[in-house]
Amino acid sequence: APPVIAMLGRVTGEANYFKRLGDLWWKTSDYLYDPAEKLYFRDSRYFSPREANGKKVFWSRGNGWVLAGLARVLQNLPADDSGRPRFEEQFREMATRIAGLQTSDGTWHASLLDPASYPQRETSGTGFFVYAMAWGVNAGLLERKTFEPVIRCGYAALCASVDPNG
């Protein structure tokens, strides 16, 4: 619940919350974040397995939780917090990588690096990514010209996934 820790810091004004947030985030990131792929593994059981196409296993929904979580952390982290630039850097890095993985149907499939292994539309990850990127553009962290087409395409795909009964 990193966003909750950031919110507690904002609400209470206690800087220790922000320090603890950073300590926990980067400890987890050091363990689960793949700097080459700029994505998070679900957990350590996924370090070695590969998809049918031979690529590493990175789940859409899990990376969506992370990117949206980063957005929520940044919404509550003071602008002058010494750890903020590192969070912003990871947010931009992940958003850029994830934007490049959007499929032609506007979604991100369950497997980010092998969409063919799960060809169904995956709205959870897509929703998280659209939210986080839209927030990033509105907050001035992501370039509108680059990310707006990705966001609009993802949003259209989400709208198209709603059936007549909601």
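This is a predicted model: local features need pLDDT of at least 70, side-chain atom pairs count only at pLDDT 80 or more; totals for chains, interfaces and linings use all residues.

Student: Where is Gly54 placed?

Tutor: Gly54 lies in the loop that runs between β2 and α3. In space, its C-alpha is 8.6 Å from that of Asp114, although the two are 60 residues apart in sequence.

Student: How is a pair of packed helices described?

Tutor: One states the angle between the two axes and the distance separating them. Here, α3 (residues 60-76) and α4 (residues 84-99) have axes that come within 10 Å and cross at roughly 145°. The crossing of α3 and α4 is left-handed.

Student: Which residues of α3 and α4 meet?

Tutor: From α3, the contact includes Asn63, Val66, Leu67 and Leu70, and from α4 it includes Arg84, Phe87, Glu88 and Phe91. Sorted by class, this contact comprises eleven nonpolar, two polar and two charged residues.

Student: What tends to happen to nonpolar side chains in soluble globular proteins?

Tutor: They tend to be buried together. In this model, the largest nonpolar core has 40 residues, and Phe87, Phe91, Trp108 and Met133 have the most contacts inside it. At least two residues of this core come from each of α2 (15-32), β2 (39-40), α3, α4, α5 (123-138) and α6 (144-160).

Student: Which residues does Met133 touch, if those up to four places away in sequence are not counted?

Tutor: With that exclusion, Met133 touches Ala95, Ile98, Ala99, Trp108, Leu142, Phe147, Val150 and Ile151.

Key:
Residues are numbered from 1 along each chain as its sequence is written. Side-chain values use heavy atoms; hydrogens and water are left out. Axes are lines fitted to C-alpha atoms, for helices over the stretch in contact, and angles run from 0 to 180 degrees between N-to-C directions. Helices (H or I, at least four residues) and strands (E, at least two) are DSSP runs, numbered from the N terminus. A crossing is left-handed if the near helix is turned anticlockwise from the far one by less than a right angle, and right-handed if clockwise. Contact means heavy atoms within 4.5 Å. Ala, Val, Leu, Ile, Met, Phe, Trp, Tyr, Cys and Pro count as nonpolar, Asp, Glu, Lys and Arg as charged, and the others, Gly among them, as polar. A nonpolar core is a set of buried Ala, Val, Leu, Ile, Met, Phe, Trp, Tyr and Cys residues joined through side-chain atoms within 4.5 Å. Buried means under 20% relative accessible area, exposed over 50%, partly exposed in between (1.4 Å probe, protein chains only).
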